[in-house]
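Visitor: I am new to this structure. Please show me how to read it, one feature at a time.

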There are 2 protein chains.
Amino acid sequence: MLRLELAFVPPGLPTDVAVVIDVLRMTTTATALFARGLEELAVVADTSDALELAERTGALLLGERHGVPLPGFHGGNSPLEHFGTDLTGVRAILCTTNGSKAVEAASQAPHVLLGAIVNALAVAERAVALAERSVLLLCAGTNGRPSLDDVLGAGCIAKEILRLVPDAELSDGIRIALTVADGSDRVEATLCEASHAETLRRLGFEKDIAFAAQRSSIGVVAVKVADEPARFRARL
Amino acid sequence: MLRLELAFVPPGLPTDVAVVIDVLRMTTTATALFARGLEELAVVADTSDALELAERTGALLLGERHGVPLPGFHGGNSPLEHFGTDLTGVRAILCTTNGSKAVEAASQAPHVLLGAIVNALAVAERAVALAERSVLLLCAGTNGRPSLDDVLGAGCIAKEILRLVPDAELSDGIRIALTVADGSDRVEATLCEASHAETLRRLGFEKDIAFAAQRSSIGVVAVKVADEPARFRARL
């Protein structure tokens with residue numbers, strides 16, 4: 001079958017505030033963990049780095065590769081896995097490839113937030129409060145390709161920012177994301193069309209998609225700790 | 001004013017056929033020049049390289065920086081500038097920053113085409129004829145940021161490809177582009193919203209936008225000459 005792709009040339013944009021968006025599932029899961037009281041989250045790309053860090057610090061080790069739980073890990077990358085568990089005082093490590101790359105790409109920004117559909121309003125409020133001049137919504141994508149779920153999430157967050165700052169100057173990328181997010185009733189339907197949603201359904205994580213589509217259901221935002229490459233704490 | 005941006009992490013996708021898209025204005029102008037009989041077009045990034053090549057070959061030298069005609073050049077980057085002129089047998093050089101970067105990014109593909117809204121159908125037919133497995137629509141963007149005009153162009157081309165190959169497998173990027181291109185009556189209105197359209201209007205190139213929005217009005221496709229880094233010839 002013919003495969004039709006679309007690509008964008010690489011970004012390299014300076015900004016006050018970068019919002020990293022990986023709706024299926026890194027930033028959704030991180031937000032869900034903080035909503036359950038998590039104290040701190042380290043986002044790590046490499047499996048052996050994550051194992052070493054967990055051994056050294058005793059942190060809860062979460063992650064997977066291609067939907068498969070990793071050996072030696074305490075859990076996967078599902079936002080529902082620790083649902084109902086009180087994580088107050090717990091520190092965790094989330095091992096994820098695309099999310100880590102996006103966090104690294106955002107690392108030049110003074111403020112880095114984790115944004116998802118579930119915290120669209122909260123992350124918009126936090127971003128506007130922190131921004132002096134600019135907010136960059138940085139879509140993680142999948143292996144270097146744009147993901148529909150991330151662009152949809154960016155559109156949901158951009159809509160909330162526009163409610164707060166109606167005269168914000170919009171880049172073309174934001175106009176594209178707003179078009180994708182238009183029709184506010186269709187968030188879950190659009191999210192289901194994302195190619196990664198199909199993968200998750202196949203692996204039995206259908207409920208994660210419905211969870212990730214619950215717009216502004218969580219009032220918590222993960223904010224990167226200053227001078228730490230990829231360590232996040234919650235701001236209510 | 002707060003600036004809201006969106007970015008995508010870099011691509012790096014192998015493909016049979018790459019379609020470079022820079023609707024405002026490189027690929028539109030290239031297509032218009034070939035429609036007037038142009039024999040060959042070299043796409044060059046650097047101004048002094050372009051001047052040197054023109055001096056050596058006697059080619060028609062076209063291009064500009066930030067909308068301003070370059071000293072020593074025979075013309076700018078408008079698709080209307082040579083309207084009505086017969087360019088049969090003429091060779092030209094088009095000096096353009098974003099378009100050149102995109103042509104370079106596509107250079108690993110066995111086949112590279114220049115795609116625009118004006119040749120959406122023709123480029124779709126050519127791409128499908130050449131592709132064994134995959135077609136990559138490569139949006140040039142502006143200084144590393146996604147451009148609405150390119151994503152709109154990609155959506156117009158993707159629609160034509162889907163008419164030819166209804167069961168083509170779609171990436172998320174293509175779904176995004178199709179959403180942007182949806183509502184076939186609104187191509188010119190959407191194109192006018194692109195930030196580069198605003199720049200062109202300010203510089204007095206309003207008619208170029210209307211020209212660039214004329215979907216499938218030209219049946220010519222510029223195809224990269226094999227083993228030449230950025231030299232194109234027409235395929236009718």
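Visitor: In β8(B), which residue is the bridge partner of A:F8?

Guide: Strands of a sheet pair through backbone hydrogen bonds, either parallel or antiparallel. Here the partner of A:F8 in β8(B) is B:C139. Strands are DSSP runs of E with at least two residues, helices are runs of H or I with at least four, and both are numbered from the N terminus. Two strands pair if DSSP finds at least two bridges between them. β1(A) and strand β8 (residues 134-139) of chain B run parallel and are joined by 6 bridges. This is a predicted model, in which local features need pLDDT of at least 70 and side-chain atom pairs count only at pLDDT 80 or more, while totals for chains, interfaces and linings use all residues. Residues are numbered from 1 along each chain as its sequence is written, chains are lettered from A and ligands numbered from 1 in the order in which they are written, and side-chain values use heavy atoms, without hydrogens and water.

Visitor: How many bridges join β1(A) to β9 of chain B?

Guide: There are 2, and the strands, β1(A) and β9 (residues 169-170) of chain B, run parallel. Within β9(B), B:L170 is the bridge partner of A:L4.

Visitor: Are the residues of β1(A) buried or exposed?

Guide: In a regular strand the side chains alternate between the two faces of the sheet. In strand β1 (residues 3-8) of chain A, 6 of 6 residues are buried (under 20% relative accessible area; exposed is over 50%, partly exposed in between, with a 1.4 Å probe and protein chains only). A:R3, A:E5 and A:A7 lie on one side, A:L4, A:L6 and A:F8 on the other, and both faces are covered.

Visitor: What is the strand order of the open sheet?

Guide: The order of its 11 strands is β5(A)-β4(A)-β6(A)-β3(A)-β11(A)-β10(A)-β7(A)-β2(A)-β8(A)-β1(B)-β9(A), and the pairing is mixed. Strands β3 (residues 40-44) and β11 (residues 231-235) of chain A run antiparallel, with 2 bridges between them. A:A42 is opposite A:R231 in β11(A).

Visitor: Which strands does helix α4 of chain A touch?

Guide: Helix α4 (residues 120-130) packs on the sheet and touches β2 (17-21), β7 (111-115), β8 (134-139), β10 (221-224) and β11 of chain A. Contact means heavy atoms within 4.5 Å. The direction of α4 makes about 170 degrees with that of β7(A); axes are lines fitted to C-alpha atoms, for helices over the stretch in contact, and angles run from 0 to 180 degrees between N-to-C directions.

Visitor: How does chain B superpose on chain A?

Guide: Two copies of a chain are related by a rotation about an axis and a shift along it. Here the rotation is 180 degrees and the shift 0.0 Å, with an RMSD of 0.0 Å. The two copies are therefore related as by a two-fold rotation axis.

Visitor: Where is A:R25 found?

Guide: A:R25 is in the loop between β2 and α1 (26-35) of chain A. A cis peptide bond, with omega about 10 degrees, joins A:L24 and A:R25. A:R25 also lies over the face of A:F205, 4.3 Å from the ring centre (the rule asks for NZ of Lys or CZ of Arg within 6 Å of the ring centre and within 35 degrees of the ring normal).

How values were computed:
Least-squares fit on C-alpha atoms with pLDDT ≥ 70 in both.
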